[in-house]
Amino acid sequence: MYYGGDYNPEQWPREVWHEDVTLMRRAGVNLVTVGVFSWARLEPSPGAHDFGWLDEVLDLLHAGGIRVNLATPTASPPPWFPAEARNVTADGVRLAHGSRDTYCVSSPYYRERSRDVAARLADRYGGHPALAMWHVHNEYGSWCHCEHTAAAFRAWLRGRHGTLEALNDAWTTAFWGQHYTAWEQIEPPRTTQYLPNPAHALDFRRFLSDELLGHFREQKKILAPTGAPVTTNFVFGAWVPVNHRDWAREVDLVAIDHYPAADPPSETAFAADLARHWAGGEPWLLMEQAVLTYRGGRMLAKSPGEITRLSLSPVARGSQGAMFFQWRASRGGAELWHGGMVPHAGPDSAVFREVCELGALLSRLRPAGPVRAEAAVLWDAESWWALQAPGLPSSEIDYLDAVRQAHRVLYRHGVTADLAHPSGDLSGYRTVLVPNLYLLSDDDAANLRRYAEGGGTLVVTYLSGVADPYGRVRTGGHPGALRDLLGISVEEFRPLEGPVTLSNGDTASVWSELVRLRGAEAVATYPDGSPAITRNGGAWYVSTRLTDDGYARLLGLPPHPAGLELVRRGDTVFAVNHGDRPCPVPPGHDLLTCTTLDTLPPGGFAVLDSQP
């Protein structure tokens, strides 16, 4: 089990380094990420390098028995970088140095300097005994709309579409007279007069994902010959133009950053299950989390035991450990209040005491087997991107919220779920939930049909199967690719301005539709008597947004103790009580305390021997 976090010794005088190693040993830290933002220290001027301080740090950590996840510092170019290598916004503003991520990933200069610094690190530290793995870049996700990007985008489009005729068809450029007659006419989707072309914007996100991946691949090619695994930390957010499922094939270990906000337990479970999906069911790593919570514009201290509980939950769901940003809270800089494993108060603090307790707990765990999931929730990054476009029938459409709701309802009722792609093997799941799967290919639609016809329960919600992978509406009635499977045809979308009560007593909101039955039966209706929820064999359709309780009733989920998280991994059951009341658990032997128990106290946790 990896345990530790980002370590930034360049922010501190040398005497603190020795104290850090002593405290790391006390806390049970065995891995730290070093050098993420150190380019300006490693190369203070073009071609002039200073590795002496990093030599000293790595030697000191090695002497203390602590291994290193050594980063390439390419996410934060130094101040001497030329302006032409910095990114340009959609409004045409070239960003100034002064933060991080001020780079254009398509800039030839930036790419060349990135390869150079990676090569120097590989040559110097590839054989260092402290090296455990390589950490390329940091939180890939920066956008750029400059001329370097435009040239690279055009080359990417040629490779994807082949001809201008094919591109014009895919983008429906006949609308508003956007027909292209030369590749040079195509630009990144910069700020324009009114609504942009959604297919243009969607392809640009796909391009950025591939372009950023190209930058990662170049560094991995340099680092891989050292023999150490190569990874990067996936960051998740609506602003991130990275399809992590595609990227997961390129990293040696899937690693994520996660900072939950409104509902930390369910959000943490969702992020962990998503990471496991990206990793193809293999172990992954929680690379970053915080000792505090960001919520409503505030930085809130976690309650006693919460750091441990929110670290144990990812381990239960496949993580190989728990890492933090960062080891020691910074004295200054943009994130001086972010917190750290060693807070501003120092080691004589509640935070550091819990950090030590967590380290001791993780040291007693051993890698377990695969996570066992009964259900799946389909996830598609490109549908998420497409449903962020302006000009949709309702501004309240929120793909991520729909997927999280489906996952959250299962989580709160004790059902472990995988996130899955519509092209994946779904045969092992009793139930598959399909929320707002806007883009759907013919092949993936056929895969869902095979699942339902094979005896699985398929629950599809509104706006699924409506468009093809280019974002073109499937005509003839919604939900397009799934219409025959579901036995319905949707004639109209009718976004709701307020909640309504369905015939079964459930409350519906946000969305409704005019649904015609084409072989399905109505399970619940709108106040006007038209179908709201339908069933056609094992395929269900929900044409509105239900409450969490209504969703659970639809799925037939039994009551479950509030706050209790149970995850079966291999031959063990991880039990975490996030609630404020005692919760019954399957009777078993707790591997952490070597005791037998059948109840968890509020805030308690256990790892139980699993009975078949």
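**Exercise 1.** Determine what span helix H7 (residues 198-223) should have at 1.5 Å a residue, and compare it with the separation of its end C-alpha atoms.

*Solution.* The model is a predicted one. Helix H7 contains 26 residues. The expected span is 1.5 Å times one less than the number of residues, which gives 38 Å for H7. The end C-alpha atoms of H7 are 38 Å apart, so the two values agree. At the N-terminal end, H7 is capped by Asn197, of which a side-chain oxygen lies 2.9 Å from the backbone nitrogen of Ala199.

**Exercise 2.** Describe how helix H5 (residues 147-161) packs with helix H6 (residues 164-171).

*Solution.* Two packed helices are described by the angle between their axes and the distance between the axes. For H5 and H6, the angle is about 90° and the axes are 9 Å apart. Angles of 65 to 115 degrees count as roughly perpendicular, so H5 is roughly perpendicular to H6. On the H5 side, the contact is made by Phe153, Leu157 and His161; on the H6 side, by Ala166, Leu167, Ala170 and Trp171. By class, this contact has six nonpolar residues, one polar residue and no charged residues.

**Exercise 3.** Is Leu58 buried or exposed, and which residues does Leu58 touch beyond four places away in sequence?

*Solution.* Leu58 is located in helix H3 (residues 52-63). Its relative accessibility is 1%, and Leu58 therefore counts as buried, the cut-off being under 20%. Beyond four places in sequence, Leu58 touches Val34, Val68, Leu70, Tyr125, His128 and Ala130. Leu58 and Ala130 are 72 residues apart along the chain, yet their C-alpha atoms are separated by 6.5 Å.

Technical notes: Residues numbered from 1 in each chain as written. Predicted model: local features only at pLDDT ≥ 70, side-chain atom pairs only at ≥ 80, totals over all residues. Heavy atoms only, no water. Axes fitted to C-alpha atoms, helices over the stretch in contact; angles between N-to-C directions. Helix = DSSP H or I, 4+ residues; strand = E, 2+ residues; numbered from the N terminus. Parallel < 35°, antiparallel > 145°, perpendicular 65-115°, else oblique. Contact = heavy atoms within 4.5 Å. Nonpolar A, V, L, I, M, F, W, Y, C, P; charged D, E, K, R; others polar. Polar contact = N/O pair within 3.5 Å; in protein donor to acceptor, adjacent residues only side chain to side chain. Buried < 20%, exposed > 50% of the residue type's maximum accessible area, 1.4 Å probe, protein only.
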